[in-house]
Amino acid sequence: MQSLGVLEISRRDLLVASAATVTVASTASLSHSQTNAPAAPQSTKTSFTVNGERRELQLDNRTTLLDALREHLHLTGTKKGCDHGQCGACTVLVEGRRVNACLTLAVMHEGESITTIEGLGQPGNLHPMQAAFVEHDGFQCGYCTPGQICSSVAMLEEIKANTPSHVTGDLLARAEVTPAEIRERMSGNICRCGAYSNIVDAITEVAGRKV
Amino acid sequence: MRAFSYERASTIEAAAKAAAGTDGAKFIAGGTNLLDLMKLEIETPTHLIDVNRLGLDRIEPTPDGGLRIGALVRNTDLAADGRIRRDYALLARALLAGASGQLRNRATTAGNLLQRTRCPYFYDTNQPCNKRQPGSGCAALGGFSRQLAVVGVSDACIANHPSDMAVAMRALDAIVETVRSDGTTRSIPIADLHRLPGDTPHIEHVLERGELITAVVLPKPVGGKHIYRKVRDRASYAFALVSIAAVVMQDGTGRVAAGGIAPKPWRDEAAERGLPNGAKAVTAKLLANAHPTEQNAFKLALVERTLSAVLAEARG
Ligand SMILES: Cc1cc2nc3c(=O)[nH]c(=O)nc-3n(C[C@H](O)[C@H](O)[C@H](O)COP(=O)(O)OP(=O)(O)OC[C@H]3O[C@@H](n4cnc5c(N)ncnc54)[C@H](O)[C@@H]3O)c2cc1C
Ligand code: SF4
Ligand code: FES
Ligand code: FES
């Protein structure tokens, strides 16, 4: 039994390693021959729209939306912090809604529309939220910033759509933009540098213009 | 993460059938719990059945005045629904106290119910854990158990259920509707959905292989004041140490369920009959068979104080 266990571990490691180094097609056939997995493909052709452009990828099913964006489409603005839904660095917009790209599979987004920080604005053509973060010093190292900006843009839309939050006093009243609401609604974006108060200022300014 | 094949189910029946007929198959909804665990190889499905496009994302009135919540309704949308905010504020409050805006946008009703424990040793694959690896032991018993359960536990496992939403649903007497692989349906009172660990902590609920949750039904509104109070280590984006979901009527009677303290939402209908007499007696009965560890015994007092605060708030 002992040796069987070791054998299984080495098979698995081989699989993990092979996924990283060999082509998708041979990964699929290798895994079929070496495990008892059902004879179904382990990669899938997936197409979605990213920042307005239609993209088609043949992806190992394990590829998260985050890895598809960064490693396959080379949109490295979206960051990987924890890879477990705990920091918000990977926040992107799917069909206009903010999500953690690390906790969703790319194949699950067939046909959907994704917006990353690169799609919100570019140098010389900044989104108002990007400009406000610069103006208010809403970052230090900048690692959390793309996630903070994507999150805050969608967060203001959620308030506009009258989505309540944990700190909303009256569930039947209209949702408002207050510093307390912004802090609560942005709690899924951790900033290790602690730029929080300037981030709240930046968002408040944009909200004043828009909401 | 281990390799797996993937299919997007197009009908409810096909999803249930595929799940029962394929070795190692699992449903994936929001993926916010399952993928987290797959990355750590705590969950190792060989086939994923994506149930996101089954049309189970609606909230509809039932003939007897309640609401049927589709299994795939996102936590954000459920909390924002006007009927939920007006008639089942307890549920909206519990949802909004959980996770983050991004996570709630993906997390689904069914996935939230079936999310697995956050016991630190369940997550650490170098540690013995009867839930993750039956028979290997329980590292939490002599370890860092501050967050874990105090009631409903066993010598094999003291994990707690992490959901906020489920605690409110328990207080609201929700019914879980499912479809089995042979096409038959059943309705499971939420009180009966989760199992206590006993000596099989790896078996967490009563669903059969391939059984798909299709909806959660809320009976017609009961009125009263709805209060969800969550006590945690930071003010947002943290799991509950203790939570209290209460519906309190004008005359002081009502319902109480507690979260963070047990392997499932914890409610005792006999205990809550004492509500008009205050928190102390209710808590004593609710926690009568508690087996806390040295590290989490503080939860016993915390339940009473939280309930006491909730009752004070209800009185206005
Ligand atoms: C950082 C972080 C913080 C969090 N904080 C909180 C918190 O404070 N409070 C809280 O309550 N939760 C919290 N959560 C947990 C979150 O609520 C759950 O991850 C989420 O609700 C799971 O839903 P899902 O749709 O993503 O489930 P999935 O991950 O897709 O699925 C979970 C399980 O349910 C099964 N399943 C899914 N749908 C069905 C169905 N229709 N029928 C049968 N089985 C099904 C899957 O097979 C899987 O086993 C947190 C999560 C993270 C990552
Ligand atoms: S409490 Fe349960 S989940 Fe935690 S280590 Fe023990 S057996 Fe595992
Ligand atoms: S990288 Fe996705 S939440 Fe941290
Ligand atoms: S600016 Fe450094 S983590 Fe936020």
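Start with Lys26(B): a polar side-chain atom of this residue lies 3.1 Å from an oxygen atom of ligand 1. That is a polar contact, meaning a pair of N or O atoms within 3.5 Å; within protein, one must be able to donate a hydrogen and the other to accept it, and residues adjacent in sequence count only if both atoms are side-chain atoms. Here are the polar contacts with ligand 1 side by side.

| Residue | Part of the residue | Atom of ligand 1 | Distance |
|---|---|---|---|
| Lys26(B) | polar side-chain atom | oxygen | 3.1 Å |
| Gly31(B) | backbone N or O atom | oxygen | 2.7 Å |
| Asp164(B) | side-chain N or O atom | nitrogen | 2.8 Å |

The protein covers 96% of the 990 Å² of accessible area that ligand 1 has on its own (Shrake-Rupley method, 1.4 Å probe; for residues, only the protein chains shown count as cover).

Keep in mind that this is a predicted model, where local features need pLDDT of at least 70, side-chain atom pairs count only at pLDDT 80 or more, and totals for chains, interfaces and linings use all residues. Residues are numbered from 1 along each chain as its sequence is written, chains are lettered from A and ligands numbered from 1 in the order in which they are written, and side-chain values use heavy atoms, with hydrogens and water left out.

Who else is around ligand 1? There are 36 residues, counting those with a heavy atom within 4 Å. Phe27(B), Gly31(B), Thr32(B), Leu34(B) and Thr108(B) come nearest. The site is shared between chains, because residues from both A and B surround ligand 1. In chain B, strand E2 (25–28), helix H7 (109–114) and strand E8 (212–218) each bring at least two residues to the shell; H7(B) gives the largest share, four residues. Helices (H or I, at least four residues) and strands (E, at least two) are DSSP runs numbered from the N terminus.

Now for ligand 2. It has 13 residues around it, with Cys119(B), Cys129(B), Cys138(B), Cys157(B) and Ile158(B) the closest. By class, that shell holds eleven nonpolar, one polar and one charged residues (Ala, Val, Leu, Ile, Met, Phe, Trp, Tyr, Cys and Pro count as nonpolar, Asp, Glu, Lys and Arg as charged, and the others, Gly among them, as polar).

Last stop: Arg255(B), in strand E11 (residues 254–259) of chain B. Arg255(B) is buried, with a relative accessible area of 18% (buried means under 20%, exposed over 50%, partly exposed in between; 1.4 Å probe, protein chains only). Its side chain reaches the backbone oxygen of Ala171(B) at 2.8 Å and makes a polar contact with the side chain of Asp173(B) at 3.4 Å.
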